[in-house]
Amino acid sequence: MNILVIDGHPDLSKSVANATILADLTQQTEWHVNHVANFNGDIEAEQTALQIADLIVVQFPLYWSTYPSVLKRWIDEVFTYGFAFGPEGSKLKDKPVLFSVTAGATEESYSETGFNFLPLLAYQVAYEHPFRAAEVNIVDTIVTFEMNATPEEGGDKAMTLELSHQHAQRLIQVVNQSLEVSK
């Protein structure tokens, strides 16, 4: 099976959670990881990779309650009219997509009275929008909260590493289950 992971982190050298998750995936699977921070503008190659994938995983950290700008730029350039939407678009129609999200804040902070002001679902609707417009099949969303490894911000690196390993295992399990169901 051809699993394509779209890595939306802008700089993995400054990451604990996403770098650990991607390292685990690289060590434990044959999945292909596409680091969109290295996107060179070859839109056709990106579109082809999406089309030939059996399942797409979109991995990213929440940045101000959405994905980082490198992932937004990649979507803006790759999800073009005639490919992802429009009368001749929908080349990704029914393609299984799984969102894999890390959040530094607590789950409770995603509420109308919390630091993030709205429930996570409100932000999820926004980051799913271009994928829904492309008529993909969103099979699941895996979110792990408290993925903050920076002590100056109240984070805990050891806990973040443990949560990252757990997140990767859950992601592998959900992908494998999704593939079994689709057979």
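Guide: At 17% relative accessibility, Ser90 falls under the 20% limit, so Ser90 counts as buried. Please keep in mind that this is a predicted model.

Visitor: Where is Ser90, and what is said of its phi?

Guide: Ser90 sits in the loop between α3 (69-78) and β4 (96-102). Its phi is near 65°, a positive value in a residue other than glycine.

Visitor: Why is Glu146 called partly exposed?

Guide: Buried needs under 20% and exposed needs over 50%; Glu146 has 35% relative accessibility, which lies in between, so Glu146 counts as partly exposed. Glu146 is found in the loop between β5 (137-144) and α5 (157-182). The phi of Glu146 is positive too, near 60°.

Visitor: What makes Asn40 exposed?

Guide: The relative accessibility of Asn40 is 63%, and exposed means over 50%, so Asn40 counts as exposed. You can look for Asn40 in the loop between β2 and α2 (43-52). From Asn40 to Met147 the distance in space is 29 Å, C-alpha to C-alpha, and 107 residues in sequence.

Visitor: Now for the whole protein. How many helices and strands does the protein have, and what pattern does it follow?

Guide: The protein has five helices and five strands. Read along the sequence, they follow the pattern β-α-β-α-β-α-β-α-β-α.

Visitor: Why is the protein called as compact as a globular protein of its length?

Guide: For 183 residues the globule rule gives 16 Å, and the radius of gyration of the protein is 16 Å, close to that value, so the protein is as compact as a globular protein of that length. Its C-alpha atoms fill a box of roughly 50 × 35 × 35 Å, taken along the principal axes. Of the 183 residues, 48% count as buried. Among contacts with a separation of 6 or more, 75% come from residues 24 or more positions apart.

Visitor: What is the order of the strands in the sheet?

Guide: The open sheet of five strands has the order β2-β1-β3-β4-β5, with parallel pairing.

Visitor: What makes β2 and β5 edge strands?

Guide: β2 (32-35) and β5 each pair on one side only, and they are the edge strands. From one strand to the next, the twist averages 20°.

Visitor: How do you know that β3 and β4 pair?

Guide: Two strands pair if there are at least two bridges between them, and β3 and β4 are joined by six bridges, so β3 and β4 count as a pair. They run parallel. For instance, Val57 has Leu98 in β4 as its bridge partner.

Visitor: How do you know that the span of helix α1 agrees with its number of residues?

Guide: Helix α1 (residues 17-28) has 12 residues, which at 1.5 Å a residue should span 16 Å; the end C-alpha atoms are 16 Å apart, so the two values agree. Helix α1 lies across β1 (3-7), β2, β3 and β4, and runs at about 150° to β3. Several residues of α1 are buried, including Ile21, Leu22 and Leu25.

Visitor: Why does Asn18 count as buried?

Guide: Asn18 has 2% relative accessibility, under the 20% limit, so Asn18 counts as buried. This residue is found in helix α1. Leaving aside neighbours within four places in sequence, Asn18 is in contact with His9, Leu12, Gln59, Phe60, Pro61 and Thr102.

Visitor: How many aromatic pairs are there?

Guide: The count comes to eight aromatic pairs. One of them is Tyr67 with Tyr127, 6.5 Å centre to centre.

Visitor: Are Tyr67 and Tyr127 buried or exposed?

Guide: Buried means under 20%; Tyr67 has 8% relative accessibility, so Tyr67 counts as buried. At 0%, Tyr127 counts as buried as well. Both belong to one aromatic cluster, formed by Phe60, Tyr67, Trp74, Phe79, Phe99, Tyr127 and Phe131.

Note on methods
Residues numbered from 1 in each chain as written. Predicted model: local features only at pLDDT ≥ 70, side-chain atom pairs only at ≥ 80, totals over all residues. Heavy atoms only, no water. Helix = DSSP H or I, 4+ residues; strand = E, 2+ residues; numbered from the N terminus. Expected span 1.5 Å × (residues − 1). Buried < 20%, exposed > 50% of the residue type's maximum accessible area, 1.4 Å probe, protein only. Phe/Tyr/Trp six-rings, centres within 6.5 Å; stacked < 30°, edge-to-face > 60°. Axes fitted to C-alpha atoms, helices over the stretch in contact; angles between N-to-C directions. Contact = heavy atoms within 4.5 Å. Rg over C-alpha atoms; globule rule 2.2 N^0.38 Å.
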